[in-house]
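Dear colleague,

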Amino acid sequence: MRVVFLGPPGSGKGTQAKLLASRLGVPAISTGEILRAAVLERKPLGLQAKAIMDTGELVSDDLMVALIQERTQDADARGGFILDGFPRTIAQASALEAMLTATGQSLSGVLNLSVPEPLLVDRMAGRAAAESRSDDVPSTVRERLRVYREKTAPLVDYYRQRDLLADVDGVGSISEVSDRIDRALRSVPMRRTAGSRA
Ligand code: AMP
């Protein structure tokens, strides 16, 4: 299975991507985690990305596409993968589509985790304290939410139009949301009803 998680920062997609990956026996690939590890290890990629991540903006599409292209070719990802935090722009989504098509692959589904904004802000404040993520400070959180609305939210329609999208309510306990995800995956590709708009 090749699954993409969409959802604003703080929606729980990292946690759910890891859980789903272990249920399916495929790797969870988080671009945010790869970047944070590169920062800690002082790799050139990390040095390039750190300043951008700290403002809440997005790292360049070219860099992210190259990173995903490389990571999805690793042996452990041959049988499938769960993507968390990629794609984040329409350009990244088209690059992913082209990359998969070129190797005769396709996405199995896209899960759109939705959580109301006030709850997202609370969750990220908690995470800033617990994990000391430098981009979870309030000013950066607001910017990340704005960037999400502007650059990433359009992917919801992009994938809905391709009949790949399943909406999942992200409010509830981790196991409640996991159960909803399993149910949603059984229902993709989503059927579009006649006359429905994306
Ligand atoms: P995340 O852990 O997914 O919230 O990502 C943390 C930060 O890493 C984001 O705010 C971006 O600055 C950067 N980042 C992660 N994934 C991407 C991506 N696919 N495209 C651009 N920037 C990304």
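Which residues line the largest cavity? The lining consists of F5, L6, G7, P8, P9, K13, G85, P87, R88, Y148 and T152, where a cavity is a set of points, on a 1 Å grid over the protein atoms alone, at which a 1.4 Å probe fits but cannot get out, and lining residues have an atom within 4 Å of a point. About 60 Å³ of space lies in this largest cavity, the volume being the space filled by probe spheres set on the points.

Please keep in mind that this is a predicted model, in which local features need pLDDT of at least 70 and side-chain atom pairs count only at pLDDT 80 or more, while totals for chains, interfaces and linings use all residues. Residues are numbered from 1 along each chain as its sequence is written, and side-chain values use heavy atoms, with hydrogens and water left out.

Nitrogen atoms of the ligand have polar contacts (pairs of N or O atoms within 3.5 Å): a polar side-chain atom of T31 lies at 2.8 Å, an N or O atom in the side chain of Q92 at 2.9 Å, and a backbone N or O atom of V59 at 3.1 Å. Taken alone, the ligand exposes 480 Å², and the protein buries 97% of that (Shrake-Rupley method, 1.4 Å probe).

Best wishes

Conventions
Polar contact = N/O pair within 3.5 Å; in protein donor to acceptor, adjacent residues only side chain to side chain. 1 Å grid on protein atoms, 1.4 Å probe; cavity = no way out; pocket = protein on both sides within 12 Å on 5 of 7 lines; lining within 4 Å.
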